[in-house]
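Dear colleague,

Please find the structure below for your records. My notes on it follow directly after.

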Amino acid sequence: MESDSSHNEKPGATVDPHDIPDPDAHLSEAERKAIDRKLVWKLDLYLIPWLCILYLLSFLDRTNIGNAKIDGLQKSLGNMSTGRYNACLSIFFVSYALFEPLCNILLKRLKPSIFIPIIMFVFLGLKYTKLIILRVIWGCVMTAMGYVENWSGLMAARWFLGMAEAGLYPGINYFLSCWYKRDEFGVRAAIFFSAAAFSGSFGGLLAAAINNLNGRAGRPGWAWIFIIEGIITVGFGLLSFFMVHDFPDTATFLNEVDRARVLRRLKEDKQSSAEHEEFKMDYLWAALTDWKMYMGMFIYMGAAMPLYAFSLFLPTIIKNMGGGKYSPTRSQLLSVPPYACAAVLTITVGYLADKARRRGVFNIFVSMLGAVGFGMLLGSADPHVQYAGCFLGALGIYPCIANTISWVSNNIEGVYKRGIVLGFVIGWGNINGVVSSNIYFEAPRFKVGHGVVMAYMLVCLVGGSTLLHFLLKRENKARKEGKRDHLVEGKSLQEAEKLGDQRPDFIYTV
């Protein structure tokens, strides 16, 4: 059976890598494939590892408050109430979501090698097109969180942490989508996002070790979690000025021949995203009037809200299993295995979805695992059943985050349009972190929290993915039957290319 994919073209569709000379025109097909494999491997080595480290630190810094909580944060800060603690979680997502759509535009304008280190590590007053942009390094904010004395200080620190981190996840997904073909992007996005799951494992181990510093220099153990992890982030922020690269048309690690190869392979994939493009308000309008963006927002909220609920409250959920008999250190350590399993499945799903050139079906079936897991947490008081539910919950959430972002990115073409769409999709998903911050309040069973998470996954992830799958399949059928050919009648190849994903020969990934 034929697979609907971003590489199935209408018969007679023309691919025109115009204006880019082919440095391998004299080589055989086998030689060209060997060079292409070597080139992709080079891109992977230069781009992926460092970005994974940055995202691991990002997710570690935004969720380590869950580890700090069970190490006594609430008691130290004036016996902070559950409501006030949840407000500290919520305020992060407000600033995070507000600044995300803007950040992808800034990434393109400032270059990744400048933008990403800046948001990690300095205050910057930058005048660009008459806008003054203030970036607070999240590493400094994280370190400062170890010195807060009250609820107000923690609220302020969490606000600025959200603002500083807003550009990283959507920015890097957008950045990678400008380097790789659409059937290569999913597994890279999955490897990148798996750093979030690994951060859960690493964070639990690190928190258990750091807690041994309790009382050093007059600081409690939870404060040392923030201080040490913040200092690590600052160090990697400094190094990022040298380790983060720019877009294909300007990246310094490519020679002219390899640059031509990268640009040609993107052109052949119906992408123009690697080339220079000036921002116009038309791109914002194109994004805001594209129904696929709103479907992406609906689906992504079904993954993002459960993600934050799980990552922020897993140590607390585990600590309350079996009547709260687990110590803080044991709870931290028991949180490690579910994250490790989720990281493996995230990469596996990314690889299989790329090979199958289908993404919707993976969202549908993987998310059902998570719904079953939260059903186990909801329906049983047995700590063994609940712990098994934690594994299924992690397995059902993490792969869907990367797969959904890959799916949205695959189906949006145009430098700024894709960046804006990803910013809105991820921003909307993250504003639902406010929901996840306020539903876990009835210990030890947390029935409201588990029930809301399960509803999000079934309605938004399963239902939304099913609907988008069939809508894209219907549109692909219309394009293959020539019902959209009128959109390019009388247009040159360059004019047709500017239509982006509205071109009749652009076949959507289902």
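I begin with a loop residue: Arg357 sits in the loop between α14 (336–356) and α15 (360–379), where helices (H or I, at least four residues) and strands (E, at least two) are DSSP runs numbered from the N terminus. Arg357 has a positive phi of about 55° although it is not a glycine. With a relative accessibility of 31%, Arg357 counts as partly exposed; buried means under 20% relative accessible area, exposed over 50%, and partly exposed in between (1.4 Å probe, protein chains only).

As to provenance, this is a predicted model, in which local features need pLDDT of at least 70 and side-chain atom pairs count only at pLDDT 80 or more, while totals for chains, interfaces and linings use all residues. Residues are numbered from 1 along each chain as its sequence is written, and side-chain values use heavy atoms, with hydrogens and water left out.

Further backbone features

Ala217 also has a positive phi, of about 50°, although it is not a glycine. Ala217 belongs to the loop between α8 and α9 (221–243), and it is exposed, with a relative accessible area of 71%. A cis peptide bond, with omega of about 5°, joins Ala443 and Pro444. Pro444 is located in the loop between α18 (433–436) and α19 (447–480). For context, most residues other than glycine have a negative phi, and most peptide bonds are trans.

The chain as a whole

The chain contains 20 helices and 2 strands. Of its 510 residues, 59% are buried. Among contacts (heavy atoms within 4.5 Å) between residues at least 6 apart in sequence, 80% join residues at least 24 apart. The chain exposes about 19300 Å², of which carbon and sulfur atoms supply 64%; accessible areas come from the Shrake-Rupley method with a 1.4 Å probe, and for residues only the protein chains shown count as cover.

Two buried side chains

Ser194 lies in helix α8 (residues 182–210) and is buried, at 3% relative accessible area. Its side chain reaches the backbone oxygen of Ile191 at 2.5 Å. Leaving aside neighbours within four places in sequence, Ser194 is in contact with Ala343, Thr346 and Ile347.

Thr143 is placed in helix α5 (residues 138–145) and is likewise buried, with a relative accessible area of 17%. A polar atom of the Thr143 side chain lies 3.4 Å from the backbone nitrogen of Ile231. Not counting residues up to four places away in sequence, Thr143 touches Phe226, Ile227, Gly230 and Ile231.

The packing of α8 against α16

How do the axes of α8 and α16 lie relative to each other? The axes of α8 and helix α16 (residues 383–410) come within 8 Å and cross at roughly 145°; axes are lines fitted to C-alpha atoms, for helices over the stretch in contact, and angles run from 0 to 180 degrees between N-to-C directions. On the α8 side the contact includes Arg182, Phe185, Gly186 and Phe193, and on the α16 side it includes Tyr398, Ile401, Ser406 and Asn410. The residues of this contact between α8 and α16 divide into 10 nonpolar, 4 polar and 1 charged, where Ala, Val, Leu, Ile, Met, Phe, Trp, Tyr, Cys and Pro count as nonpolar, Asp, Glu, Lys and Arg as charged, and the others, Gly among them, as polar.

With kind regards

Conventions
A polar contact is a pair of N or O atoms within 3.5 Å; within protein, one must be able to donate a hydrogen and the other to accept it, and residues adjacent in sequence count only if both atoms are side-chain atoms.
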